[in-house]
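Hi,

Here is the structure I promised to pass on. Have a look at it first, and then read my notes below.

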Amino acid sequence: MENVYHVPVMLQECMDALAIKPNGVYVDVTFGGGGHSREILKRLGPEGKLFAFDQDPDALKNAIDDPRFTLIHQNFRFLKNSLRLQGVRAVDGVLADLGVSSHQFDAADRGFSIRFDADLDMRMDQVGDLDAKSLLATYSEEDLHRIFGMYGEIMNAKSLAKTIVTARLSQPIQTVAELKEVIQRMVPKGKEHKYHAQVFQALRIEVNRELDALQEFLLQTVDVLNVGGRLVVMSYHSLEDRLVKNFMAKGKFKGAVEKDFFGNEIKPFLVVSRKAITASAEELALNNRSRSAKLRIAEKLGVS
């Protein structure tokens, strides 16, 4: 089931990074098809426990029938409170794979993919107020410029925003095909697939408030992890990776590391992987989605 739903990226590297103890408590905050979770369970003994999070209702169908496993239907931004509700105060490892699952791209009606015509939805949870078509209908030209530039890293983001705002005056943009039609003059020749992917990525990140959720989640891992516990995060976008890298190195998202009266750095984590780990040549050949993945590892420090 999980192989059809989503092929997990850097599976062995993630397991090594977690340094799993058989009797430990672990959290997979991006359950999806359950590929990473199944591997964690293989390494846990009868006393071990695994909690998984996923806000996508489709992922609930992949729940694992195992007494050591609990699936929590929530966004990982609610990590700490959701674990408390399960009676869990501290865990030995947290894994996050920030990629959109292959299943979400392959489900035509979800509007994530440029391959199918569908309503422009792109909500991960299917219940949020903001979907992609309402974003395109209501955001100002300045806001569209910002999200296409920041989240899509699109070179002509300003012209793209203007094109959309002009087009929507005469007709709403509600489907994948309509959006492609409206922006076709903006797309560089021979780069159609990449350009469309960048536009869709920008819309998806904004619709799901992905960077806000990531920051909230990362901040909570400090309280949730035991001393010596591992934080393992795999990202697919430079903005995500920068947030993860800064947080692991400094315990904050920007600015210098804070220091105590004696000049010692105050930070919650020891960075285990100084450089991001990337997929092997073998994996790249088998799974195209692994090409942009960057894996980072940190270990929770004790209070000195």
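Which residues does valine 222 touch, not counting residues up to four places away in sequence? Keep in mind that this is a predicted model. The answer is Phe247, Pro268, Phe269 and Lys300. Valine 222 itself sits in helix α11, which covers residues 210-224. Its relative accessible area is 22%, so valine 222 counts as partly exposed; the cut-off for buried is under 20%.

Next, helix α2, residues 11-18. Cys14, Met15, Ala17 and Leu18 are buried there. Looking down the axis of α2, you'll see these buried residues fall within an arc of 160°, so they line one face of the helix. Their cover includes the strands β1 (25-28), β4 (91-97), β5 (225-235) and β9 (294-300), along with helix α3 (35-43).

Last, a pair of helices. α7 (residues 141-150) packs against α8 (residues 157-170) at an angle of about 135°, and the axes are 8 Å apart. That angle makes α7 oblique to α8, and their crossing is right-handed. On the α7 side, the contact is made by Glu141, Leu144, His145, Phe148 and Gly149. From α8 come Ala157, Lys158, Leu160, Ala161, Lys162, Ile164, Val165 and Arg168. Sorted by class, this contact has 7 nonpolar, 4 charged and 2 polar residues.

Cheers

Terms used: Residues numbered from 1 in each chain as written. Predicted model: local features only at pLDDT ≥ 70, side-chain atom pairs only at ≥ 80, totals over all residues. Heavy atoms only, no water. Buried < 20%, exposed > 50% of the residue type's maximum accessible area, 1.4 Å probe, protein only. Helix = DSSP H or I, 4+ residues; strand = E, 2+ residues; numbered from the N terminus. Arc of directions from axis to C-beta. Contact = heavy atoms within 4.5 Å. Axes fitted to C-alpha atoms, helices over the stretch in contact; angles between N-to-C directions. Parallel < 35°, antiparallel > 145°, perpendicular 65-115°, else oblique. Left-handed = near helix turned anticlockwise from the far one by under 90°. Nonpolar A, V, L, I, M, F, W, Y, C, P; charged D, E, K, R; others polar.
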